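This briefing looks at how charged side chains pair up in one protein model. The sequence and the structure come first, and the notes on the pairs follow.

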Amino acid sequence: MASLMKAIVDPKKNWLAALHMKSVSNRLRKYGLRYDDLYDPYYDLDIKEALNRLPREIVDARNQRLKRAMDLSMKHEYLPEHLQAIQTPFRSYLQEMLALVKRERQEREALGALPLYQRTIP
């Protein structure tokens with residue numbers, strides 16, 4: 001069952017998934033965003049912890065992209081075409097750190113240790 005789900009969502013194997021990925025890529029390019037910018041640190045505490053562990057320059061670049069995207073959205077404009085062409089919406093900067101944080105959390109739970117963060121989601 002898991003291999004079937006992977007085949008369905010893999011853009012290399014399913015043309016609908018490839019079409020969807022292209023559509024998402026075009027939307028992200030218009031605002032100069034990356035896919036990892038869409039993760040909300042207030043929704044998932046693992047994402048917040050992963051962002052805290054990243055180097056300051058990467059987090060600052062993320063915040064700058066989000067501010068630019070909000071500004072463009074408020075003005076009902078898009079990035080100029082020459083800037084859209086150089087955007088890399090699926091180049092990840094968060095996934096490796098997020099995987100590390102999730103593995104650490106699962107290991108702590110398996111050992112019966114207290115969690116790193118004890119805040120509830122509002």
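**Salt bridges in the predicted model**

The count comes to seven salt bridges, each being a side-chain nitrogen of Lys or Arg within 4 Å of a carboxyl oxygen of Asp or Glu. The model is predicted, so local features need pLDDT of at least 70 and side-chain atom pairs count only at pLDDT 80 or more, while totals for chains, interfaces and linings use all residues. Residues are numbered from 1 along each chain as its sequence is written, and side-chain values use heavy atoms, with hydrogens and water left out.

Pairs between separate parts of the chain

- Asp 37 forms a salt bridge with Arg 65, with the closest N and O atoms 2.7 Å apart.
- Asp 37 lies in the loop between α2 (15-31) and α3 (45-53) and Arg 65 lies in helix α4 (residues 56-74), so this pair ties together parts that are 28 residues apart in sequence.
- Asp 37 is buried, with a relative accessible area of 3%, and Arg 65 is buried as well, at 11% (buried means under 20% relative accessible area, exposed over 50%, partly exposed in between, with a 1.4 Å probe and protein chains only).
- Arg 53 forms a salt bridge with Glu 104, the closest N and O atoms being 2.7 Å apart.
- Because Arg 53 lies in helix α3 and Glu 104 in helix α6 (residues 95-111), the pair ties together parts 51 residues apart in sequence.
- Arg 53 is partly exposed at 28% relative accessibility, and Glu 104 is partly exposed at 27%.

- Arg 56 and Asp 60 meet in a salt bridge at 3.4 Å, N to O, and both lie in helix α4, four residues apart, about one turn of the helix (helices are DSSP runs of H or I, at least four residues, numbered from the N terminus).

Methods: Helix = DSSP H or I, 4+ residues; strand = E, 2+ residues; numbered from the N terminus.
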